[in-house]
Amino acid sequence: MPKAKKTRKFAEVKRALAPSDPRLKANKEKKEVQEKKKQEELVRHVPQVASSLFFKYNEALGPPYRVLVDTNFINFSIQNKLELVKAMMDCLYAKCIPCITDCVMAELEKLGVKYRIALKVARDPRFERLPCSHKGTYADDCIVNRIMQHKCYIVATCDRELKRRIRKVPGIPIMYIASRKYAIERLPETPI
């Protein structure tokens with residue numbers, strides 16, 4: 001009687017947990033420690049509000065208004081055939097100084113040839129250039145940090161996420177595009 005051949009089973013291996021498996025007790029403890037650190041890093045206190053703020057309005061804002069412009073606001077203005085400075089003055093009935101940060105300029109330059117008109121508009125001599133001291137070129141964080149430090153700006157943006165972040169900061173009006181013209185929210189004494 002011939003000897004029966006034993007077939008090798010290729011896929012059958014001994015099951016073992018990897019050292020990085022989240023089910024291990026040591027890894028669970030590490031994860032809990034990391035989550036605690038993240039919770040501690042989050043600022044839980046509300047900063048002291050300036051006396052010029054009345055409810056959510058900043059009474060200290062007055063002409064000439066300094067408007068902090070975002071990348072997509074320039075792009076949407078071009079799409080809607082709006083001349084930036086003129087349309088701002090039509091919206092606010094006062095002199096406006098459009099301000100643009102280095103991060104916004106870097107973002108426009110990164111967008112390439114498709115957005116060269118927006119870059120040309122941003123290089124207008126009427127725009128005030130604001131230097132950035134931080135690392136990286138993420139414009140949204142740059143704008144939010146700047147308005148947290150100085151509450152003397154109106155932020156011009158069409159970005160929903162950025163608007164949501166700015167609304168959490170009291171006393172910062174937001175300019176946006178609605179029905180082919182500029183509109184503003186959270187600015188006292190604005191005509192409706």
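Student: What share of the contacts with a separation of 6 or more comes from residues 24 or more positions apart?
Tutor: Such pairs make up 62% of them in the chain. Contact means heavy atoms within 4.5 Å. Keep in mind that this is a predicted model, where local features need pLDDT of at least 70, side-chain atom pairs count only at pLDDT 80 or more, and totals for chains, interfaces and linings use all residues. Residues are numbered from 1 along each chain as its sequence is written, and side-chain values use heavy atoms, with hydrogens and water left out.

Student: How many helices and strands?
Tutor: Seven helices and eight strands. Both are DSSP runs numbered from the N terminus: helices are H or I with at least four residues, strands are E with at least two.

Student: What is the strand order in the open sheet?
Tutor: The order is 5-4-3-6-7-8, six strands with mixed pairing. Two strands pair if DSSP finds at least two bridges between them.

Student: Which strands stand at the edges?
Tutor: Strand 5 (128-130) and strand 8 (181-185). Each has a single partner strand, so one side of each is left without a neighbour in the sheet. The twist averages 35 degrees from one strand to the next. Axes are lines fitted to C-alpha atoms, for helices over the stretch in contact; angles run from 0 to 180 degrees between N-to-C directions.

Student: How do strand 3 and strand 4 run?
Tutor: Parallel, with four bridges joining residues 65-69 to residues 96-101. Y65 stands opposite C96 there.

Student: What does helix 3 touch?
Tutor: Helix 3 (residues 84-92) packs on the sheet against strands 3, 4, 6, 7 and 8. Its direction makes about 50 degrees with that of strand 8.

Student: Switching to the core. Which residues have the most contacts inside the largest nonpolar one?
Tutor: V67, F73, M88, L92, M175 and Y182, in a core of 47 residues. Helix 3 gives the largest share, six residues. Such a core is a set of buried Ala, Val, Leu, Ile, Met, Phe, Trp, Tyr and Cys residues joined through side-chain atoms within 4.5 Å. Buried means under 20% relative accessible area, exposed over 50%, partly exposed in between (1.4 Å probe, protein chains only).

Student: Back to C96. Buried or exposed?
Tutor: Buried, at 5% relative accessibility.
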